[in-house]
Amino acid sequence: MPKGYWVSAYRTISDPEKLAAYNKLAAAAVKAGGGRVLVRGGRAVAHDAGIAERTVLIEFDSFEQAVAAHESAAYQEALAALADGVERDFRIVEGID
């Protein structure tokens, strides 16, 4: 079964305190949802229209599990804490196998 992934590419971080509050809540929600963090920040080289800001990649055992974790009450609480503290491109994608 193909795995599911959360891919977050941050464009701007306008409120680091909101991001810190989100990170604390989101970490617990991701773990409870069966997610494994593969990339969290770190070095990046951006090409084309990319922006070398924070990037996060989280792996789940399936696409459905990734969607369910995003829809969970715990993750929705994390999103409320983040509010307008960042601008990011967030996607849930299915792996190829």
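This is a predicted model: local features need pLDDT of at least 70, side-chain atom pairs count only at pLDDT 80 or more; totals for chains, interfaces and linings use all residues.
Residues are numbered from 1 along each chain as its sequence is written, and side-chain values use heavy atoms, with hydrogens and water left out.

The protein chain contains three helices and four strands, where helices (H or I, at least four residues) and strands (E, at least two) are DSSP runs numbered from the N terminus. Along the sequence, these elements follow the pattern β-α-β-β-α-α-β. The radius of gyration of the protein chain is 13 Å, close to the 13 Å that the globule rule gives for 97 residues, so the chain is as compact as a globular protein of that length. Here the radius is taken over C-alpha atoms, and the globule rule is 2.2 Å times the number of residues to the power 0.38. Along the principal axes, the C-alpha atoms fill a box of roughly 35 × 30 × 15 Å.

Buried residues make up 28% of the 97 residues; buried means under 20% relative accessible area, exposed means over 50%, and partly exposed lies in between (1.4 Å probe, protein chains only). The accessible surface comes to about 6,000 Å², and 54% of this belongs to carbon and sulfur atoms. These areas come from the Shrake-Rupley method with a 1.4 Å probe, and for residues only the protein chains shown count as cover.

Next comes the largest pocket. A pocket is an open set of points on a 1 Å grid over the protein atoms alone, where a 1.4 Å probe fits, with protein on both sides within 12 Å along at least five of seven lines; lining residues have an atom within 4 Å of a point. The lining consists of 16 residues, of which Y22, N23, A26, V56 and I58 lie nearest the pocket centre. Two or more lining residues come from each of β1 (4-13), α1 (16-32), β2 (36-40), β3 (55-60) and β4 (86-94). The most are given by α1, with five residues.

In the loop between β2 and β3, D48 has a positive phi of about 55° although it is not a glycine. D48 counts as exposed because its relative accessibility is 85%. G50 is also placed in the loop between β2 and β3, and is partly exposed at 42%. E53, found in the loop between β2 and β3, is partly exposed with a relative accessible area of 32%. Leaving aside neighbours within four places in sequence, E53 is in contact with Y10, R11 and I13.

Elsewhere, S62 lies in the loop between β3 and α2 (63-71) and counts as buried because its relative accessibility is 9%. Beyond its neighbours within four places in sequence, S62 is in contact with M1, P2, K3 and G4. Finally, A83 is in the loop between α3 (73-82) and β4. A83 has a positive phi of about 45° although it is not a glycine, and is partly exposed at 48% relative accessibility.

Methods: Contact means heavy atoms within 4.5 Å.
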